[in-house]
Amino acid sequence: MPRVLSLILGGGKGTRLYPLTKERSKPAVPFGGSHRIVDIPISNCINSGFRQIYILTQFNSASLHIHIARAYNMDYFSKGFVEILAAEETFDHNGWYGGTADAVRKNFCHFRRLKPTHYIILSGDQLYRMDLDDFMKFHIESGSDISLAATKIKKRTVSSMGILKIDGSHHVCDFIEKPDYDKIDIDYWAAEKKDEGDRSTPEFWGSMGMYIFNADVIEKILDNDLKDFGHDVIPYALDKYKISSYFFDGYWTDIGTIKNFYDANIDLTSITPKFNFYDEVRPIFTHNRNLPPSKINGAYLNQVITSEGCIITNSQINYSIIGLRSIIENSCYLEGVVCMGADEYETPEEKILHEMKGIPNLGIGANTRIRRAIIDKNARIGCNCSIGFNGIPPDGDYGNYHVKDGIYIILKDSVLENGTVI
């Protein structure tokens with residue numbers, strides 16, 4: 001049996017997902033009300049039987065450490081673990097990772113003691129369900145040195161992904177990372193030949209940023225200064241090793257940008273969401289918090305996900321995610337809102353103290369209206385506020401909130417006073 005070591009790449013500063021990554025790493029960003037982004041690749045590994053998992057990260061990793069420590073406690077007999085390997089300075093190398101491949105290279109000293117036969121390398125900011133064991137079986141049966149997961153993509157995403165040229169036997173013949181669509185030969189890179197004259201909607205094979213390497217192969221490939229798997233390693237290995245492509249036709253999306261993150265969350269509220277959390281056989285694991293059920297006091301909810309421990313009073317909420325411990329006071333209106341909730345409840349004494357200082361309570365105050373917004377954790381939004389109903393300003397940093405891709409982001413721990421209109 002193969003001894004598989006799973007590596008989840010936590011990314012760098014997460015600038016595409018800023019300001020949600022202002023105080024946390026990208027995998028630690030809350031998702032879907034009760035989860036974190038990192039729960040997706042971890043759960044795919046566990047459900048596939050791969051239970052030796054490292055998460056490689058170097059930026060704002062404290063909250064991720066806390067989440068992993070609380071959520072993933074494997075029993076001793078399974079020899080499974082989920083552990084974080086943050087960038088560290090040693091006698092052999094300086095601290096920071098120079099890229100995805102460099103992050104793996106600098107941690108071989110930790111990996112070798114487990115004597116893996118294969119490495120499966122996953123991204124920490126994607127939303128999907130995949131049987132990774134089937135991916136591994138394909139890799140072994142094809143006799144490949146390296147396997148890449150690939151999915152069909154449209155023209156609009158070509159410039160943000162690696163593009164594969166694949167023959168009829170799944171062999172990767174060529175690879176180009178994030179090309180300019182207008183500067184590539186469409187006929188050469190197209191996944192399927194089109195009828196002559198039909199070049200309007202060609203499809204391409206896009207790399208999903210998920211790789212399987214034979215252990216001896218990856219050590220040889222990274223015995224140099226190559227920095228990144230997509231930009232450097234795969235092009236370097238094309239004519240030296242057998243590289244195959246595993247075709248994936250299920251739902252998959254990159255949630256590493258504000259727009260993609262927002263859209264993926266809101267889609268969870270649809271009648272038949274593209275990503276299904278409601279699978280008891282292959283669940284998405286997370287921290288068990290032992291919170292009370294949510295309490296709804298006369299509210300109207302339409303396609304809304306409410307997490308544990310919420311209190312919602314006489315409000316109307318449409319197409320929204322309501323995160324842990326969210327308090328929504330009387331007569332609020334929310335539409336298309338991703339509310340991440342709070343890390344803890346306020347005590348009565350704390351509420352009195354804050355009221356004396358003119359600070360709103362945690363949550364959303366009475367008679368407040370919010371549309372098309374992400375509300376980060378522990379935000380205090382006062383009474384009679386209005387967000388998103390007076391035209392959307394240009395993208396930018398506005399202090400307690402940002403606007404990005406036309407979406408309002410209310411910052412973590414921010415305070416919006418009573419009557420605020422933005």
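Which residue lies over the face of Phe 389, and at what distance from the ring centre?

Analyst: Arg 369 lies over the face of Phe 389, at 4.2 Å from the ring centre. A charge sits over a ring if NZ of Lys or CZ of Arg is within 6 Å of the ring centre and within 35 degrees of the ring normal. Lys 240 also has its charged end over a ring, that of Tyr 236, 4.2 Å from the centre.

Some ground rules. The model is predicted, so local features need pLDDT of at least 70 and side-chain atom pairs pLDDT 80 or more, while totals for chains, interfaces and linings use all residues. Residues are numbered from 1 along each chain as its sequence is written, and side-chain values use heavy atoms, without hydrogens and water.

Now the ring pairs. Rings of Phe, Tyr and Trp (its six-membered ring) pair if their centres lie within 6.5 Å; planes under 30 degrees apart are stacked, over 60 edge-to-face, the rest tilted. The count comes to 19 aromatic pairs. One of them joins Tyr 54 and Phe 81: tilted, 4.9 Å centre to centre, with 55° between the planes. Tyr 54 is in strand 4 and Phe 81 in strand 5, 27 residues apart. Strands (E, at least two residues) and helices (H or I, at least four) are DSSP runs, numbered from the N terminus.

Tyr 54 counts as buried because its relative accessibility is 1%. Phe 81 is buried too, at 12%. Buried means under 20% relative accessible area, exposed over 50%, partly exposed in between (1.4 Å probe, protein chains only). Ring pairs link Tyr 54 and Phe 81 with Phe 108, Phe 111 and Tyr 119 into a cluster.
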